[in-house]
Amino acid sequence: MDNRRKIPVHVAIIMDGNGRWAKRRGLPRTVGHTQGARTVEQILEDADHMGIRYLTVYAFSTENWSRPDGEVKALMNLLRTYMKTSLAKCARNNVRIRVLGDKSRLDKDLQEAIANLERDTASNTGIGFQIAINYGSRDEIVRALRSAAAKVADGSMDPSEITESMISDNLDTHGIPDPDLLIRTGGEQRISNFLLWQTAYAELYFCDVAWPDFKKEDLEKAIDAYNHRERRYGGLIS
């Protein structure tokens, strides 16, 4: 990749295709999720080396609870292990970690692991790594609006103070710049309730590569495509 090309500040990824990757190999879907977790580790390292400042990945959506109980349990156990091992490695590598989503439905030990990692990495100065767990963008926006409504109800805020900026400040991604580039792997071409507010002006990149097979070269292709887009805001070229 040409080093003179612009590197997006924030890249978000919908990591799709784990189950199909496993099925094609005659393996349980859970094996695909395990391999996908390994891919996350490598892509985070690659993104950091490329100069990407924020990487956000979609690990478990609010809709994923409807999957078979065995798969949900396996995913939760994988996330639990991931929090205790792989993300601890991220902490040592100066990575700032934030978990997006409604954590209240997660088991207490997982909530505690998340809180510890967020606290322990808050002052790190490396890449910001956001992992979305029990996350749905509509749910996130509803929670932000409920917070605003409560303030209006108790008289601490006037309705006229509800602005785009105020809503952004009450989202799970508060303080993080909106994604410049959203990548979805696995061949599907939809957003799937991921960062709907934040990706209003993001470039979208879809590829057929299943997430477990996604490599640095595939990330470079996405960034190359990003560099060939004309970035327009309100009709103006940025």
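This is a predicted model: local features need pLDDT of at least 70, side-chain atom pairs count only at pLDDT 80 or more; totals for chains, interfaces and linings use all residues.
A residue counts as buried when its relative accessible area is under 20%. By that cut-off, Asn193 is buried, because its relative accessibility is 15%.

**Overall build**
- The protein chain folds into eight helices and eight strands.
- Its radius of gyration is 18 Å, which agrees with the value near 18 Å that a compact globule of 238 residues would have.
- Laid out along its principal axes, the C-alpha trace spans about 60 × 45 × 35 Å.
- Take the contacts between residues at least 6 apart in sequence: 77% of them join residues at least 24 apart.

**Surface and charge**
- Buried residues account for 46% of the 238 in the protein chain.

- As background, nonpolar side chains in soluble globular proteins tend to be buried together.
- In this chain, the largest nonpolar core takes in 42 residues, and the ones with the most contacts inside it are Ile13, Leu55, Met83, Ile183 and Leu219.
- Helix α3 (residues 69-84) supplies the largest share of this core, with six residues.
- Apart from that core sits another one of nine residues, including Ile14, Tyr58, Tyr135 and Leu195.
- Ile13 is worth a click: setting aside neighbours within four places in sequence, its contacts include Ile43, Leu55, Val57, Ile183 and Trp211.
- Also touching Ile13 are Thr56, Tyr58, Leu182 and Phe194.

**Two asparagines with positive phi**
- For context, most residues other than glycine have a negative phi.
- Asn94 has a positive phi, near 70 degrees, without being a glycine.
- You'll find Asn94 in the loop between α4 (86-92) and β3 (96-100).
- Asn94 counts as partly exposed, because its relative accessibility is 31%.
- Asn193 isn't a glycine either, yet its phi is positive at about 60 degrees.
- Look for Asn193 in the loop that runs between β5 (181-184) and β6 (203-206).
- To put the two side by side, Asn193 is buried at 15% relative accessibility, whereas Asn94 is partly exposed at 31%.

Definitions and conventions: Residues are numbered from 1 along each chain as its sequence is written. Side-chain values use heavy atoms; hydrogens and water are left out. A nonpolar core is a set of buried Ala, Val, Leu, Ile, Met, Phe, Trp, Tyr and Cys residues joined through side-chain atoms within 4.5 Å. Buried means under 20% relative accessible area, exposed over 50%, partly exposed in between (1.4 Å probe, protein chains only). Helices (H or I, at least four residues) and strands (E, at least two) are DSSP runs, numbered from the N terminus. Contact means heavy atoms within 4.5 Å. The radius of gyration is taken over C-alpha atoms; the globule rule is 2.2 Å times the number of residues to the power 0.38.
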